[in-house]
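Take a look at the model below. Then follow the helices one by one.

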Amino acid sequence: MRGNIYLYILVMAGVTYLIRLIPLIFMRKEIRNVYLKSFLYYVPYVTLAVMTFPAILSATANLWSALAGFGTALILAYRGGSLFKVSILACLSVFIFELMVWG
């Protein structure tokens, strides 16, 4: 990437600002559509999941141990486990699985 770094920063700032400005311009009233409100409510969670899931699969030495940890976390979270409990037990399941496979 050769060129003026300040130009790249300016373009990035402009695009970021436009993404936040466009909804303010076009949506002046409260959103009453239930389906649209529901969709907008879940957008941050989906974005976080899309960014986190590939990192989960590539964080361990073995894909199967990553899937074991992910499965453990998924089951515990679905059953209402706390964030601390889910993360500790998922890490522990990855550790035990890798000991079984490599040890």
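Predicted model: local features only at pLDDT ≥ 70, side-chain atom pairs only at ≥ 80, totals over all residues.

Residues are numbered from 1 along each chain as its sequence is written, and side-chain values use heavy atoms, without hydrogens and water.

Begin with α2 (residues 34–58) and α3 (residues 63–78). Helices here are DSSP runs (H or I, at least four residues), numbered from the N terminus. The axes of α2 and α3 come within 7 Å and cross at roughly 130°. Axes are lines fitted to C-alpha atoms over the stretch in contact, and angles run from 0 to 180 degrees between N-to-C directions. F53, I56 and L57 in α2 meet L63, A66, L67 and F70 in α3 (contact means heavy atoms within 4.5 Å).

Now move to α4, residues 83–102. Which of its residues are buried? They are V86, A90, S93, V94 and E98 (buried means under 20% relative accessible area, exposed over 50%, with a 1.4 Å probe and protein chains only). They cover an arc of only 130° around the axis, so they sit on the same side of α4. The arc is taken from the directions from the helix axis to the C-beta atoms. These buried residues pack against α3. The face turned away from them carries the exposed F84, C91, F95 and M100.

Finish in the loop between α1 (5–26) and α2, where R32 is found. R32 is exposed, with a relative accessible area of 71%. R32 and I56 are 24 residues apart in sequence and 37 Å apart in space, C-alpha to C-alpha.

Definitions and conventions. Helix = DSSP H or I, 4+ residues; strand = E, 2+ residues; numbered from the N terminus. Expected span 1.5 Å × (residues − 1).
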